[in-house]
Structure formats: structure tokens, C-alpha cells
Amino acid sequence: MCGFLPGEEGSSALADVISGRVDPSGRLPVSFPRAGAGHPGTYLAPVLGRLTEVSTIDPTPLFPFGHGLSYAPATWQDVRATGSLWPTDGTCRVRVTLRNDHDRPTSEVVQVYLHDPVAEVVRPVQQLIAFARVSLPPGATVRVDITLHADLTCYTGPAGHRQVDPGEVELRVGRSSTDVETTLRYTLTGQRREVGFGRALHPDITLLPAD
């Protein structure tokens with residue numbers, strides 16, 4: 001367990017988790033290094049910032065970005081895309097179905113990471129673009145719909161402008177940056193777009209009881 005500056009009530013909160021009165025639901029906002037040689041490390045590293053055949057240093061974290069455990073882990077029933085084409089000025093939708101098979105409440109944090117295999121500049125292997133915390137009463141099944149605007153794929157190009165490129169991208173959906181449940185592949189269609197300060201960076205998330 002780890003508590004970053006938990007405050008005056010931190011001891012009570014930690015006692016509740018240790019005793020089982022409260023189910024742990026936090027997720028790491030950083031990575032915990034496995035060894036001293038892995039400093040500094042971030043999940044946002046490019047390809048050569050990870051373990052490869054051209055490096056003798058292994059930056060693989062002990063606990064990755066987004067990691068978190070539960071006394072009653074949720075069951076991932078289904079992860080799917082509602083289509084494979086994603087307009088460069090439009091949206092796509094990811095649908096996740098979760099079930100709680102236990103006799104106590106639990107929660108899960110659905111995390112969506114973008115992988116862009118081809119760009120005009122070096123990009124991180126993956127980047128968190130959306131997440132949804134889902135509370136699950138005992139025996140409940142919940143469907144999570146996450147609508148993502150193409151602006152979330154933008155990056156700063158060689159000219160210094162934020163741009164959205166047509167082409168292939170992947171959305172890695174899972175429990176953390178390394179615990180990926182499913183990889184969804186999309187094709188961004190349309191013209192390259194420059195985006196400014198008004199770009200849409202907030203996903204639209206809907207939680208519904210599953211049929």
C-alpha cells in the first residue's frame with residue numbers, strides 16, 4: 001500500500017483498507033521503478049526509452065502507471081469498438097462491459113491508451129487519453145460507453161502546430177498501462193487537421209446497466 005501525503009485522516013483510511021472494511025480503489029499516477037538504473041522512468045517513453053536489443057538498461061517498472069488492486073476484482077466481459085472508421089473531425093466509441101461476481105461492492109477504472117504507430121515526430125508508445133471509474137454493487141453488470149473525439153489523437157508536428165493525422169491508430173483498453181484487456185484498431189479518415197486551444201480533450205462517458 002502507498003499513500004501520497006494522506007493527511008490527518010490518512011491513518012484511518014489506511015486502517016479501513018488493511019482491515020477490509022473498504023475496498024482499495026486507487027490507481028497509480030506514476031510508475032514505481034524496479035531498479036535504480038530505471039530512473040527516471042515514465043510510461044510516456046518512446047520505443048527507445050524501453051527495454052530493447054540496443055540497451056543494457058531495463059526500465060520496466062515494478063508497478064506501472066495506472067496499477068491498482070482490489071479485494072474483489074471486476075470481471076471484464078466484453079470490450080468492443082462500434083465501428084473501425086474514425087473521422088479526423090469526428091468521434092469513435094468504445095464499449096466495455098464489467099461484472100461484479102462477488103458479495104461485496106467493488107470498483108474498476110477503465111483506462112484507454114492511444115498508440116500511434118506512424119507520425120511526423122517521435123511519440124510515446126502509448127498515452128492515456130480516457131478513463132472511467134465504475135462502481136459495481138454485488139452481482140451488478142455495467143456497460144461503459146466512452147466516446148472519443150479525434151482531437152485526442154493530436155500532437156505537435158514539425159511546424160509547431162497541433163495536428164490530427166489520417167491513418168492507423170490503436171486504442172489499448174485495460175486496467176493499467178501494462179495490463180491491457182483488448183487492443184482496438186481504427187483508421188482515421190479524412191484530411192489532416194490543425195487544432196487549437198478549443199480542441200475536444202474530454203471524453204464523453206456513459207454508464208448503463210447491462211442487459
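Helices (H or I, at least four residues) and strands (E, at least two) are DSSP runs, numbered from the N terminus.

**View 1. Overall fold of the predicted model.** This is a predicted model: local features need pLDDT of at least 70, side-chain atom pairs count only at pLDDT 80 or more, and totals for chains, interfaces and linings use all residues. Residues are numbered from 1 along each chain as its sequence is written, and side-chain values use heavy atoms, without hydrogens and water. The chain has one helix and twelve strands. Its C-alpha atoms fill a box of roughly 55 × 50 × 35 Å along the principal axes.

**View 2. Met-1 before the helix.** Met-1 is found in the segment before helix H1 (10-19). Met-1 is exposed (over 50%), because its relative accessible area is 68%.

**View 3. Lining of the largest pocket.** A pocket is an open set of points on a 1 Å grid over the protein atoms alone, where a 1.4 Å probe fits, with protein on both sides within 12 Å along at least five of seven lines; lining residues have an atom within 4 Å of a point. The largest pocket is lined by 24 residues. Met-1, Cys-2, Pro-24, Gly-26 and Leu-69 lie nearest its centre.

**View 4. Lining of the second largest pocket.** Here, too, 24 residues form the lining. Thr-42, Tyr-43, Pro-59, Thr-60 and Pro-61 lie nearest the centre of the second largest pocket.

Technical notes
Buried means under 20% relative accessible area, exposed over 50%, partly exposed in between (1.4 Å probe, protein chains only).
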